[in-house]
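Subject: Structure handover

Hello,

Here is the structure we talked about. Please open it alongside this note. My findings follow below.

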Amino acid sequence: MQKILIANRGEIALRIMRTCREMGIKTVAVYSEADRNALFVRYADEAYFIGPPASSESYLVIDKIIDVAKRSGADGIHPGYGFLSENPVFANRVEESGITFIGPPASAMEVMGDKLSAKERAKSKNVPLVPGSDGAISDPEEAVQVAREIGFPLLIKASAGGGGKGMRIVEQESEVQEQLQLAMSEAKSAFGDPAVFIERYVKSPRHIEIQVLADKHGNVVHLFERECSIQRRHQKVVEEAPSSVLTPELRAEMGQCAIDLSKACDYVGAGTVEFLLDDQHNFYFLEMNTRLQVEHPVSEMITGLDLVREQINVARGEKLRVQQEDLKILGHSLEVRVYAEDPQNNFLPDIGKLATYRLPQGPGVRVDDGFEEGMDIPIYYDPMIAKLITYADTREQAIARMTRAIEEYQITGVKTTLDFCKFAINHEAFVSGNFDTHFVSQHFSPEILDADSESDSKALAAFLSLVNDQGEEASEAPSNGASNSNWKLKRQHHRS
Ligand code: MV4
């Protein structure tokens with residue numbers, strides 16, 4: 001592979017291009033009107049304009065992307081995440097054009113894109129499933145029957161849904177028939193497919209996903225787990241690897257299930273198998289994501305692998321160079337997603353110019369982003385500014401390092417979720433490892449951030465009065481006027 005077109009934008013486009021450059025592979029960017037000045041466009045060896053800001057008129061238009069690939073002579077296409085990354089029609093079109101799709105075969109996307117066929121495939125490999133209906137349910141009588149067997153509360157899920165879309169909780173038998181009808185018509189209008197199924201509702205689950213890597217020769221390894229339970233409205237906030245709850249035995253068992261499922265759909269490339277883990281530490285297959293995920297860096301940090309490099313290598317037919325026995329978890333990694341959102345105002349996107357934008361640095365800190373100071377956050381796409389990743393020997397150190405990195409990160413001009421992330425990773429429940437997917441709704445309220453910055457400013461006032469009052473010590477080097485004012489600035493930034 002000599003030249004790769006990156007059918008994506010922002011931080012992930014840049015992240016993919018960085019690996020391409022290391023591998024001596026030329027890069028082609030495609031960009032919309034809103035991304036004219038974006039970093040990923042400047043970083044690419046070539047860049048092609050593909051239309052208006054709306055992704056339906058640019059990043060999602062298969063013909064435009066194939067056309068640029070042909071014009072530029074690209075021999076590979078990397079879809080990143082989101083956009084066309086899990087679209088089997090796109091994968092097929094790419095391959096039909098004689099270009100290598102850097103991802104799984106369209107057939108694997110099709111199986112996993114439909115939650116019912118994914119569950120069926122998992123079942124055939126003895127991968128545990130949440131107790132529920134066998135296949136789709138459309139008959140109200142049958143739904144009641146199944147519901148009685150499963151017990152309440154239960155969930156009705158759309159087969160074409162995923163990531164929380166089209167889910168309904170049903171608390172009691174009297175609601176089953178009505179909820180089924182509603183779920184089916186919702187699924188029909190949202191996804192064009194009315195198929196729904198029923199599962200027991202797992203009350204306090206953790207969300208744990210296994211990263212897999214597969215080549216075109218039938219070899220599959222897993223790269224351990226990522227814990228993604230800290231999320232809000234299905235948007236992940238904090239991810240980490242490894243999970244603080246998995247034992248080596250459970251990890252090996254879940255890992256093997258992920259490998260078995262990948263083999264069962266002839267998977268190729270990097271993929272993620274999602275599980276729920278209940279409070280008894282039973283795990284259940286949820287769905288498989290057939291793409292590189294946002295949170296892949298934490299897996300890279302603890303394994304020492306570059307997942308994009310591995311994706312490219314297997315796409316061009318190379319055999320995996322690692323075997324399961326070679327893989328070890330080294331240290332601990334955390335990722336927080338920095339969004340241009342206002343945690344004090346129901347996480348409303350806060351778009352605008354990055355008036356100040358200074359990155360944290362130092363040992364064990366990685367930032368995957370696509371912005372520079374002075375740039376605007378476009379309103380058309382996901383408001384994620386950056387992924388802040390830390391790595392350390394232990395979880396405790398990775399948390400301390402993340403806290404320090406968050407404090408160093410200076411962003412003004414837009415509100416961000418940095419303080420919210422700092423709150424989350426320092427909360428007693430997170431530190432102790434005793435949390436589930438309800439963490440945010442259970443422990444967060446906007447006032448907490450007020451209180452936090454208030455106690456910060458009280459501590460600052462106390463500190464300043466101390467150094468100002470102590471004649472002799474105040475003249476000692478570390479507490480001179482300049483560093484005081486720096487400190488003050490930093491704190492003010494975090495309050496804003
Ligand atoms: C569940 C569940 C409880 N019980 N299924 C949400 C996203 C989609 N992938 C599946 N999801 C869930 N399925 C059963 N049978 C709870 C969730 C869920 C969830 C899962 C993972 C991470 C965050 C979540 C937040 C709310 C609900």
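The structure holds 31 salt bridges. Please keep in mind that this is a predicted model.

Salt bridges

Start with Asp 35 and Arg 9. They form a salt bridge, and their closest N and O atoms are 2.7 Å apart. Asp 35 sits in the loop between strand 2 (26-32) and helix 2 (39-43), and Arg 9 in the loop between strand 1 (3-6) and helix 1, so the pair ties together parts that are 26 residues apart in sequence. Are these two residues buried or exposed? Asp 35 is buried, at 2% relative accessibility. Arg 9 is buried too, with a relative accessible area of 13%.

Next, look at Arg 168 and Glu 186. This salt bridge has its closest N and O atoms 2.7 Å apart. Arg 168 belongs to strand 7 (residues 165-170) and Glu 186 to helix 8 (residues 176-191), so the bridge ties together parts that are 18 residues apart in sequence. Arg 168 counts as buried, at 18% relative accessibility. Glu 186 is partly exposed, with a relative accessible area of 34%.

Glu 318 and Arg 316 also meet through their side chains, in a salt bridge of 3.1 Å, N to O. Glu 318 is partly exposed at 31% relative accessibility. Arg 316 is partly exposed at 35%.

There is also a network of salt bridges. It links Glu 209, Arg 226, Lys 236, Glu 239, Glu 295 and Arg 337.

Helix packing

Helix 1 (residues 10-22) packs against helix 11 (residues 307-315). The angle is about 65°, and the axes are 9 Å apart. The crossing of helix 1 past helix 11 is right-handed. Which residues make the contact? Helix 1 supplies Arg 15, Ile 16, Thr 19, Cys 20 and Glu 22. Helix 11 supplies Leu 307, Val 308, Arg 309 and Ile 312. In this contact of helix 1 with helix 11, five residues are nonpolar, one is polar and three are charged.

A buried lysine

Lys 157 deserves a look. Its place is in strand 6 (residues 154-162). Lys 157 has a relative accessible area of 11%, so it counts as buried. What does its side chain make a polar contact with? The partner is the side chain of Glu 199, at 2.9 Å. Leaving aside residues up to four places away in sequence, Lys 157 touches Gly 166, Met 167, Ala 195, Val 196, Phe 197, Glu 199 and Leu 286.

Backbone points

Two cis peptide bonds are worth checking on screen. One runs from Phe 152 to Pro 153, with omega near -5°. Pro 153 is in the loop between helix 7 (140-150) and strand 6. Another runs from Ala 241 to Pro 242, also cis, with omega near -5°. Pro 242 is in the loop between strand 11 (235-241) and helix 9 (248-264).

Then come the positive phi values. Arg 233 is not a glycine, yet its phi is positive, near 50°. Arg 233 lies in the loop between strand 10 (220-232) and strand 11. Arg 233 is exposed, with a relative accessible area of 63%. Asn 346 has a phi near 55°, again positive in a residue other than glycine. Asn 346 lies in the loop between strand 15 (341-342) and strand 16 (348-349). At 46% relative accessibility, Asn 346 is partly exposed.

Best wishes

Terms used: Residues numbered from 1 in each chain as written. Predicted model: local features only at pLDDT ≥ 70, side-chain atom pairs only at ≥ 80, totals over all residues. Heavy atoms only, no water. Axes fitted to C-alpha atoms, helices over the stretch in contact; angles between N-to-C directions. Helix = DSSP H or I, 4+ residues; strand = E, 2+ residues; numbered from the N terminus. Left-handed = near helix turned anticlockwise from the far one by under 90°. Contact = heavy atoms within 4.5 Å. Nonpolar A, V, L, I, M, F, W, Y, C, P; charged D, E, K, R; others polar. Salt bridge = Lys/Arg side-chain N within 4 Å of Asp/Glu carboxyl O. Buried < 20%, exposed > 50% of the residue type's maximum accessible area, 1.4 Å probe, protein only. Polar contact = N/O pair within 3.5 Å; in protein donor to acceptor, adjacent residues only side chain to side chain.
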